[in-house]
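Me: Pick one part of this model and take me through it closely. Give me the cut-offs as you go, and tie that part to the rest of the chain.

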Amino acid sequence: MSNEEKLKNVEVEIKLHINQRLYEKGLITEEMYSEAKNYILTS
């Protein structure tokens with residue numbers, strides 16, 4: 001795995017974590033959480 005791939009994986013993990021925290025704090029709805037998760041994983 002190249003450094004670029006590792007960096008991309010870290011970026012995805014950070015985005016997923018932020019999305020999870022926003023949902024846990026009630027700042028986004030479950031639908032928004034699911035859509036964002038799908039977008040993060042497919043982009």
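Reply: A polar contact here is a pair of N or O atoms within 3.5 Å; within protein, one of them has to be able to donate a hydrogen and the other to accept it, and neighbours in sequence count only if both atoms are side-chain atoms. One of these is at T42, where a polar side-chain atom sits 2.9 Å from the backbone oxygen of N38. Before going on, a word on the ground rules: this is a predicted model, with local features needing pLDDT of at least 70 and side-chain atom pairs pLDDT 80 or more, while totals for chains, interfaces and linings use all residues. Numbering starts from 1 along each chain as its sequence is written, and side-chain values use heavy atoms, leaving out hydrogens and water.

The part I'd pick is helix α1, residues 3-24. The protein has two helices and zero strands (DSSP runs numbered from the N terminus: H or I of at least four residues for helices, E of at least two for strands). N3 counts as exposed because its relative accessible area is 63% (over 50% is exposed, under 20% buried, partly exposed in between; 1.4 Å probe, protein chains only).

The search of the whole structure turns up two salt bridges (a Lys or Arg side-chain nitrogen within 4 Å of a carboxyl oxygen of Asp or Glu). E11 pairs with K15, closest N and O atoms 3.2 Å apart, and the two are four residues apart in α1, about one turn. Both ends are partly exposed, E11 at 34% and K15 at 37%. R21 comes out partly exposed, because its relative accessibility is 38%.

Then there's a nonpolar patch made of V10, I14, I18, L22 and L27, with about 440 Å² of accessible area together (patch members have over 30% relative accessible area and no salt bridge; nonpolar side chains, meaning Val, Leu, Ile, Met, Phe, Trp and Tyr, are joined within 5 Å, like charges within 9 Å; areas are Shrake-Rupley with a 1.4 Å probe, and for residues only the protein chains shown count as cover). I18, one of these, lies in α1 and is partly exposed at 45%.

N19 also lies in α1, but N19 counts as buried because its relative accessible area is 5%. Buried residues make up 14% of the 43 in the protein. The N19 side chain reaches the backbone oxygen of Y33 at 3.1 Å.

That leaves α2, residues 30-42, where T42 is found. T42 is exposed at 67%, and its C-alpha is 18 Å from that of E30, 12 residues away along the chain.

Over the whole protein, the accessible surface is about 3,700 Å², with 55% belonging to carbon and sulfur atoms.
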